[in-house]
Amino acid sequence: FYKKRDEIDGKRLPDYVREAGELGHILEDGNATLFKQKTGREVLRQQKLLRSTKYPWLGCTLDYIQLARRETVTNWHDGSNEFPLELKITSVEGKWDDVHGPCPEWVIQVHAQCIVTDRPWGSVSALFGSPTFHHRHEDVQVDEELAVMIGEETEHCWHLIETNTPPTWGD
């Protein structure tokens, strides 16, 4: 709620938080280039606001799309070869676990992008600045149970935004 209103606890975001977001956008092209080199998939900058037909309150802005070929993915989807590519820049190593992969919030974000674009999978690509500068990527398959939960929870969140109702604990 507060993030969508550009606030934290009812206050404007500090400049250093805004700057971190700007740096993330600046470094996206390098992240996408590394993803392309490691996967062999073409990437195209997207930056278009898209809206779900199934959940009209759910939208996303894709950082990039990837043009996948059958030989570059393990779980091919007949139809369009365009799939979401979410790019992340962070200094928090805990955002990626060697066993479980990307953190839950990144997986949920890719799921939301897949719901909006009606795709069975997408990818997350991350640049890490700590402890040493490095890159990781992973394909994320849509889990239908999680997709339904995202639809339900985002509907509730959108209602709070539309009615200018701050969330209470547990919302």
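Please keep in mind that the model is predicted. Of the 171 residues in the protein, 36% are buried.

**The whole chain**

- Among the contacts with a separation of 6 or more, 55% are between residues 24 or more positions apart.
- The protein exposes about 10600 Å², and carbon and sulfur atoms supply 53% of that area.
- The structure holds 7 salt bridges, including those described next.

**Salt bridges around E28 and R45**

- E28 and R45 form a salt bridge whose closest N and O atoms are 3.3 Å apart.
- Because E28 lies in helix α1 and R45 in strand β3 (residues 42–45), this pair ties together parts that are 17 residues apart in sequence.

**A second pair, K88 and E86**

- K88 forms a salt bridge with E86, and their closest N and O atoms are 3.2 Å apart.
- Both K88 and E86 are buried.
- Shared partners also matter for the bridges of this protein: E28, D29 and R45 are joined into one network by salt bridges.

- D139 and R41 form a salt bridge, with the closest N and O atoms 2.8 Å apart.
- This pair links distant parts of the chain, since D139 sits in strand β11 (residues 134–141) and R41 in the loop between α1 and β3, 98 residues apart.
- R41 is buried, with a relative accessible area of 3%, while D139 counts as partly exposed at 24% relative accessibility.
- S123, found in strand β10 (residues 121–128), has polar contacts with both partners of this bridge: the side chain of S123 meets the side chain of R41 at 3.4 Å, and a polar contact of 2.6 Å joins the side chains of S123 and D139.
- S123 itself is buried, with a relative accessible area of 0%.
- Leaving out residues up to four places away in sequence, S123 touches F35, R41, Q66, P84, L85, E86, V110, E138, D139 and V140. E86, the salt-bridge partner of K88, is therefore one of the residues that S123 touches, given that contact means heavy atoms within 4.5 Å.

**L27 and a nonpolar patch**

- L23, I26 and L27 make a nonpolar surface patch of about 280 Å².
- L27 is found in helix α1 (residues 15–39), the helix that also holds E28.
- L27 is partly exposed, because its relative accessible area of 36% falls between the 20% limit for buried and the 50% limit for exposed.
- Apart from neighbours within four places in sequence, L27 is in contact with I89 and L127.
- L27 and I89 are 62 residues apart in sequence, yet their C-alpha atoms are 7.4 Å apart in space.

**Helix α3**

- How far should helix α3 (residues 144–162) span, and how far apart are its end C-alpha atoms? At 1.5 Å a residue, its 19 residues should span 27 Å, and the end C-alpha atoms are 27 Å apart, so the two values agree.
- D143 caps the N-terminal end of α3: one of its side-chain oxygens lies 3.0 Å from the backbone nitrogen of E145.
- After α3 comes N164, whose phi is positive, near 55°.
- Which residues of α3 are buried? They are L146, A147, I150, G151 and L160.
- The cover over these buried residues includes helix α2 (104–117).

Terms used:
Residues are numbered from 1 along each chain as its sequence is written. This is a predicted model: local features need pLDDT of at least 70, side-chain atom pairs count only at pLDDT 80 or more; totals for chains, interfaces and linings use all residues. Side-chain values use heavy atoms; hydrogens and water are left out. Helices (H or I, at least four residues) and strands (E, at least two) are DSSP runs, numbered from the N terminus. The expected span of a helix is 1.5 Å times one less than its number of residues. Buried means under 20% relative accessible area, exposed over 50%, partly exposed in between (1.4 Å probe, protein chains only). A polar contact is a pair of N or O atoms within 3.5 Å; within protein, one must be able to donate a hydrogen and the other to accept it, and residues adjacent in sequence count only if both atoms are side-chain atoms. Patches are made of residues with over 30% relative accessible area and no salt bridge: like charges are joined within 9 Å, nonpolar side chains (Val, Leu, Ile, Met, Phe, Trp, Tyr) within 5 Å. Accessible areas come from the Shrake-Rupley method with a 1.4 Å probe; for residues, only the protein chains shown count as cover. A salt bridge is a side-chain nitrogen of Lys or Arg within 4 Å of a carboxyl oxygen of Asp or Glu.
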